[in-house]
Amino acid sequence: MKCNMDAGLSGCSMERVRRVLVHFCQDGAAQPAHFVQSITGHFSEGGEDEVEVGCSLEGNRFILQRADAGRGVALKRHAFCPIKHLSVTENAALPLDVRQRGVDVGVATILQTANQKVLLTRRAKELRIFPDIWVPPGGHLELDETLLDAGLRELQEETGLKLEPEEGSPNILGLWESVFPALLSRGLPQRHHIVVYLLLRSPLTHLELQASLSPSPAEVSACLWADRQLVSAVVSDPGGENHDLQRSVSVSQVSADGALSDASLPLEVLLSRTPVSGPDVERVSTGTMFALKLWLRSLDDL
């Protein structure tokens, strides 16, 4: 089904026009999603936190629609997603400029090496949103970009790694509904995204790519190459035993001037989960764990 791109344009602010936003395809028309609207909940019949959807990028609008089972991509939110639990009172307390933002689109690149490792980066502690959290390279989808363009651009801007479009064999692993702050106990929602996790397969090994690694210290404070065993441990249930893993993981620390140095990170940091109360901690983001599970599944499918 192709949506009418002119539908829903009236009433959209100029701010919305300058950004790529999530739209729903309903009755052949593209309608913008509201900031306080749960995207996953829109498609779930009984309040499920994971659904299958069809997605397309048309006219600078990221359009989601219902998909038959087995023919779409996974869209998921966490059970504690703030938008899911936002009360009428909390909704009314949101500043007007926040409620009018719409739902943004981000692209995160799962870069798979020839020897089946993936690149994770730790967000700089100075960043306002999710500082010190381990994620793949990624950021906002900009106007007139394809998903692949955005994934390659963010990869290069954050890590210095440049892949040619024909090298990556891009594949959408899944979509994650991301809200910041991650818990209502930490404050009312300020950002609402659908993150597209894009799998790119490099013909080079992680050692070959490491030689060209040049992270931006303004965005990245450390990098690591995670193999299948480490990823399996990260996405496993909390409290599970990992007898075959060392207690620390080798990472590349990024200095203020961008220089790299070898360092070790306690494994328990990567196994941490979002605290149910209090401030956040260094950990792998919940959305990243969702994407890494899908990555492991893609390896099994191969």
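In the predicted model, the lining of the largest pocket is made up of 18 nonpolar, 13 polar and 10 charged residues. These belong to a lining of 41 residues, among which R123, I129, F130, S178 and V195 lie nearest the pocket centre. Two or more lining residues are given by each of β6 (104-112), β7, β9 (138-140), α6 (147-159), β10 (171-180), β11 (191-201) and α10. Strand β10 provides the largest share, with 5 residues. The space within the largest pocket amounts to about 910 Å³.

The second largest pocket has a volume of about 380 Å³. Its lining comprises 22 residues, and those nearest the centre are K117, W225, L230, V249 and S250. Elements contributing two or more residues to this second lining are α7 (206-210), β12, α8, β13 and β14 (260-266). By residue class, the lining of the second largest pocket divides into 11 nonpolar, 7 polar and 4 charged.

Helix α8, which spans residues 228-235, has L230, V231, A233, V234 and V235 as its buried residues. The cover over these buried positions includes the strands β7 (117-123), β12 (220-227), β13 (248-254) and β15 (283-284), together with the helices α9 (267-270) and α10 (286-301).

Several loop positions carry local features of note. R101 is placed in the loop between α5 (96-99) and β6. Because its relative accessible area is 17%, R101 is classed as buried. In space, the C-alpha atoms of R101 and H192 are 8.7 Å apart, although 91 residues separate the two in sequence. A cis peptide bond, with omega of about -5°, joins F180 and P181. P181 is located in the loop between β10 and β11.

Positive phi values occur at two aspartates, D132 and D144. For D132, phi is about 60° although the residue is not a glycine. This residue lies in the loop between β7 and β8 (133-135), and D132 counts as partly exposed because its relative accessibility is 27%. For D144, also not a glycine, phi is about 70°. D144 is situated in the loop between β9 and α6, and its relative accessible area of 67% places D144 in the exposed class.

Conventions:
Residues are numbered from 1 along each chain as its sequence is written. This is a predicted model: local features need pLDDT of at least 70, side-chain atom pairs count only at pLDDT 80 or more; totals for chains, interfaces and linings use all residues. Side-chain values use heavy atoms; hydrogens and water are left out. Buried means under 20% relative accessible area, exposed over 50%, partly exposed in between (1.4 Å probe, protein chains only). Helices (H or I, at least four residues) and strands (E, at least two) are DSSP runs, numbered from the N terminus. Contact means heavy atoms within 4.5 Å. On a 1 Å grid over the protein atoms alone, a cavity is a set of points where a 1.4 Å probe fits but cannot get out, and a pocket is an open set with protein on both sides within 12 Å along at least five of seven lines; lining residues have an atom within 4 Å of a point. Grid points are joined across faces, edges and corners, and a volume is the space filled by probe spheres set on the points. Ala, Val, Leu, Ile, Met, Phe, Trp, Tyr, Cys and Pro count as nonpolar, Asp, Glu, Lys and Arg as charged, and the others, Gly among them, as polar.
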